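Hi everyone, thanks for coming. I have one structure to walk you through today, so let me put it on the screen.

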Amino acid sequence: MLGLKLPTDPRWVNIVEKNIEDILTDHAYCEQKAASTAISLIVSFPEYTKLVTEMTALVKEEISHFKMVHDRILAKGWVLGRDRKDDYVIQLLKFFPKGGSRTTQLVHRLLYAALIEARSCERFRLLSEELEDKELAEFYRKLMVSEANHYTMFLGFARQYGDRNEVDQKWQNLLDYEASIMKNLGKNETIHG
Ligand SMILES: [Fe+2]
Ligand SMILES: [Fe+2]
């Protein structure tokens, strides 16, 4: 349903389970970045009214996810650590050439966002199915549903604002590229690592 071409090796969950503090820290920043991305789309594309409306709602939802993760960190007696770079996202964002028309740039940003939501959703699903800590597994199950909706929304906007066939082709190419990045990942206690 997510279109991803390479599933994550479930053994990634074993790595995560050994370091819950690191995964929660990384996860908190994923939510913060999702909120920041939504704000940035509003600033860059204010004339796309439907997009601005949906992004306004999304900022709230993503920052509420950030709060949920942050509260969990505090409940464990920890303090939120510093953000670290997300190699997956850095590599992913190299795929589309820079520049092009405004519409092209919008479509590229929407497709990147859709893919990051899709992969996050896949990772959350795996956590919800495989984590020994059933309470934490349930937490990830609920978030998985939210991120799946975001994936659908971003892909829908890309198809609405761009040329449908061109967008679908770009999406397939991006999925292939993402699978090639994922081959070398699945070894770290980060959401996309
Ligand atoms: Fe989220
Ligand atoms: Fe999201």
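Let's start at the metals: Glu-62 bridges the iron ion (ligand 2) and the iron ion (ligand 1), and the two ions lie 3.5 Å apart. Before going further, please keep in mind that this is a predicted model, where local features need pLDDT of at least 70, side-chain atom pairs count only at pLDDT 80 or more, and totals for chains, interfaces and linings use all residues. As for conventions, residues are numbered from 1 along each chain as its sequence is written, chains are lettered from A and ligands numbered from 1 in the order in which they are written, and side-chain values use heavy atoms, with hydrogens and water left out.

How confident is the predictor? The pLDDT, its confidence in each residue from 0 to 100, averages 95 over the protein, and 99% of the residues score at least 70. Helices here are DSSP runs of H or I, at least four residues, numbered from the N terminus.

Donors are N, O and S atoms within 2.8 Å of the metal (3.2 Å for Na, K and Ca), and water is not among the atoms, so sites may look incomplete.

Now for the charged pairs. A salt bridge is a side-chain nitrogen of Lys or Arg within 4 Å of a carboxyl oxygen of Asp or Glu, and the whole structure has 15 of them. One of them joins Arg-84 and Asp-22 at 3.3 Å, N to O. Arg-84 lies in the loop between helix 3 and helix 4 (87-92) and Asp-22 in helix 2 (residues 20-44), so this pair ties together parts 62 residues apart in sequence. Arg-84 is exposed at 52% relative accessibility, while Asp-22 is partly exposed at 22%.

Asp-9 and Arg-11 also pair up, at 2.6 Å, N to O. Finally, Arg-119, Glu-122 and Glu-178 are linked in a network of salt bridges.

Technical notes. pLDDT is the predictor's confidence in each residue, from 0 to 100. Helices (H or I, at least four residues) and strands (E, at least two) are DSSP runs, numbered from the N terminus. Buried means under 20% relative accessible area, exposed over 50%, partly exposed in between (1.4 Å probe, protein chains only).
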